[in-house]
Amino acid sequence: MSNPQSPPRVLGRGSWAEASRIAEVLRKETIGGALLLIGAAVALIWANSPWAHRYEAMTAFTVGPHALHLDLPLATWAADGLLAIFFFVAGLELKREFVAGDLRDPRRAAVPVAAAIGGVLVPALVYVVVNSGGALKGWAVPTATDIAFALAVLAVIGRHLPTALRTFLLTLAVVDDLLAIVIIAVFYTAHLSVLPLLAAALPLGLFALLAQRRVRSWWLLLPLAFATWALVHASGVHATVAGVLLAFAVPVLRSRGTGPGVGLAEHFEHRFRPISAGVAVPVFALMSAGVAVGGLDGLAQALTDPIAVGIMLGLVVGKPIGILLATWLVARFTRARLDAGLAWIDVTGLAVLAGIGFTVSLLIGELAFGIGSDADDRVKIAVLAGSLIAATLAMIILRVRNRGYRQIYEAERVDRDHDDVPDVYQR
């Protein structure tokens, strides 16, 4: 077994239990990434077809109870409602990592957390420099990594990427999601109504009480979760924040004396991750990615706009620099080492891959500039273009290392003692 006092790893494979769990998570997210790309492609084609008016009518179609002020367009339901499920799952994943996962060790957590912070600060700075004196409210658009999109790209690159690379990318993206929700709550809450926000504490508290008692009855928990979401929505704080608050209320560990089995957080994650990856995110992509490009002239005009330039440079240049710089600094001052067989070119490939922004980037663009505005259209074009450039560069970098990855992948599956645990996890 590994020595708990050994130096931290920049790209370590972690424990076998954690590697197995992450492999299962990544399989579901990869399928979700494919559905996300399909949803985005359909939206783009539809919005630039002769039937574009029908796409606009669909996203603007209003549904919901007027008495509760929830008569919202479908596009808003997708951004505020479906993405609350996405952030609920991200919150469960983050809490589990820090309570029961490998990241409960501060030394293991230091590298991906620092990388995520660097990957938020530098692209934001790049955007601000490009747009100084201009549309600064879009500074957070290039800060978010889309894990589903990134994993879809990894699936194209090949099946043999080492566990350490996949684990690092997932952990970085989960911390990135938490930073994104903090940014949304703090910087993109225009009008705050205190009374509904205080009222949200009641159903949230009841939800937490039932969760702490390990109650799994959907007919009790779902109404409380919806009430919390609706009140947070009414307060002016973006409703996706409710998803994270609800997730943090769910206990990770099983109570004593309850016997073997998964904890409540893992139970909810199994239930809701397929809904998040297979429904919530793809439908949001369908509702949000549709933008009329306006031909080559319109595309060229959109991509040369300072907002678009700032976003693309933030994703393609700022994100990799921020992640690499933060990772190197942690390695330099903590004496963290790369795992056997890996090199800094692998960190570079992951850092470039993290420049793929989609779901949360589009959401922040809508919050910053308003759904359907000219600036929001430029945000969509820039996010798509920047993400495609980042994906292409990452594929080139990681493809170069494919032979080495295959060797590591095969070594990670050697089990000479046939105990269903690969030998590399027992050294």
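Predicted model: local features only at pLDDT ≥ 70, side-chain atom pairs only at ≥ 80, totals over all residues.

Colleague: How many helices and strands does the protein chain have?

Modeller: Helices (H or I, at least four residues) and strands (E, at least two) are DSSP runs, numbered from the N terminus. Here the protein chain has 17 helices and 2 strands.

Colleague: What does the radius of gyration tell me?

Modeller: It is taken over C-alpha atoms, and the globule rule is 2.2 Å times the number of residues to the power 0.38. For 427 residues a compact globule would come near 22 Å, and the protein chain agrees because its value is 22 Å. Its C-alpha trace spans about 60 × 55 × 40 Å along the principal axes.

Colleague: And which residues touch the most other members of the largest nonpolar core?

Modeller: A nonpolar core is a set of buried Ala, Val, Leu, Ile, Met, Phe, Trp, Tyr and Cys residues joined through side-chain atoms within 4.5 Å; buried means under 20% relative accessible area (1.4 Å probe, protein chains only). In this core of 98 residues, they are Leu169, Ile311, Leu353, Ile356 and Phe358. Helix α6 (residues 163-187) gives the most to this core, 13 residues.

Colleague: Where is another core?

Modeller: Apart from that one lies a core of 19 residues, including Phe207 and Leu221. Across the protein chain, buried residues make up 54% of the 427.

Conventions:
Residues numbered from 1 in each chain as written. Heavy atoms only, no water. Buried < 20%, exposed > 50% of the residue type's maximum accessible area, 1.4 Å probe, protein only.
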